[in-house]
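I opened this structure to look up two things. The entries below follow the order in which I checked them.

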Amino acid sequence: MGKSRVVYRCTQCGAAQPKWAGQCSTCLEWNTLVDEPEVTGAAAAARPAGPAAVARPIGEVDAGVAAPRPTGLPELDRVLGGGLVAGSVTLLGGEPGIGKSTLLLQLLAQWPQRTLYVTGEESAQQVRLRAERLGAVRPDLWLLPETSLPHVLAAVAAVQPSLLVVDSIQTIADPDLPSAPGSVAQVRACAHRFVALAKEHGLPVVLVGHVTKEGGLAGPRVLEHVVDTVLSFEGDRHHALRLLRAVKHRFGATDELGVFEMAGQGLLGVPDASSLFLTDRRTGVAGSAVVPTLQGQRPLLVEVQALTNRLSPGVPPRRSAQGLDGGRLALLLAVLERRTRLDLSTHEVFASAVGGVRLTEPGADLAVCLALVSALTDQPLPADLVVFGEVGLAGELRQAAHAPRRLAEAARLGFRRAVVPANSPDGPPGLRLSRVATLAEAVAALAVH
Ligand code: TYD
Ligand code: MG
């Protein structure tokens, strides 16, 4: 065992600092430094390195091993780009209570071969009760309530699963390491061991990682570099809607969105997400616009809402963006002010994308602008109208990618009119297009409707 001295480790970015400070000097997060003994010398060097890799000509490398295997949960497969890859390590992050354990039990229940679920948080009885509720009590699903890394590895060797889930990585600890369970060093060392295990046996491994709003202990961000895929499970615990997205994905795109609903029998995939996102929409209210957006390959209708309030002179106007980029909102406000002569500088402005979706694509610009215009003028937009298009600094409207798919999704959900950039292709029958070249023309087109 080597000498150890104390270092301060950031739970967000994993950087080591020699002294404690309120702010991490690497990632600039506040209150994220925790002390941990640093292992030096022999103990660090004695870590198992695994078998040596063999170099060979690239043509002899079997590309087929990276083919994803469907999980049986279509919304999860959508985000993973088809399924789980052999030997890959996936980190599923999310706040406590959001539904990570539920999702993974459902995944294990669908898997056609033997699986092992390591639970470090709940007792075997608790998991069994939940599995009964989910219809996941299957002979191939093995359960191990354990937090000690060597015991987990021994169980994997004995059970020989074809899929391993560890819930959660924060509860697993290696007793040979000097740091406390849950510390950054423990979590990282254990994750490294699971990565080695996955690569050695071609075993897909899913690790659960808790994120707390405050940054928490050993936040999954320190693990992002270690694993192949980082999934984030989000939503409001008090509402049924859950969104799954990839933050990092070594085997595919990261812009796909999975949509689930938490029901009495677990998580249900929502293939028709657009109608769900619009369920609570109230029509005839000023400050609302619907945009057919694209989340990866999936067209989705999302409501953008805006609220403006006139302020007394001298009060600095507040701008707040939720689900939208704050910088983009400021830019659109400046363009509106300059190109349509609407006075927004004396108003506080709130704008949001409804339902927890993040509208970061420029195709949503026009919807943000028209929701703002509607809020400011107190004129509701027509209930059967969708709008999309990117807004340029000169107030010009630019085409958004995949316009036909956006228009088709709008028509499918019963929308009859669309305000779109000038060179947009024709939409499906039943959807009347107003083609406009500038933001000012778009505002004028609304008055005609
Ligand atoms: P859970 O999977 O335990 O969350 P996490 O592992 O992310 O902490 O989900 C817990 C919540 O889900 C809990 O509040 C109960 C709810 N739930 C349902 O609504 N329906 C169900 O069928 C199940 C299993 C859980
Ligand atoms: Mg859990």
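**Entry 1: ligand 1**

I started with T102 and found an N or O atom of its side chain 2.6 Å from an oxygen atom of ligand 1. I count this as a polar contact, a pair of N or O atoms within 3.5 Å; within protein, one must be able to donate a hydrogen and the other to accept it, and residues adjacent in sequence count only if both atoms are side-chain atoms. The model is predicted, local features need pLDDT of at least 70, side-chain atom pairs count only at pLDDT 80 or more, and totals for chains, interfaces and linings use all residues. Residues are numbered from 1 along each chain as its sequence is written, chains are lettered from A and ligands numbered from 1 in the order written, and side-chain values use heavy atoms, without hydrogens and water.

I then noted R130, with a polar side-chain atom 2.9 Å from an oxygen atom of ligand 1. For A263, a backbone N or O atom is 2.8 Å from a nitrogen atom of ligand 1.

I looked up the shell next: 16 residues surround ligand 1 (a heavy atom within 4 Å of the molecule). G97, S101 and G266 are among the closest.

**Entry 2: D343**

The side chains of D343 and T346 are joined by a polar contact of 3.3 Å. Leaving out residues up to four places away in sequence, I listed E337 and L376 as touching D343 (heavy atoms within 4.5 Å). D343 and L376 are 33 residues apart in sequence, and their C-alpha atoms are 8.8 Å apart.
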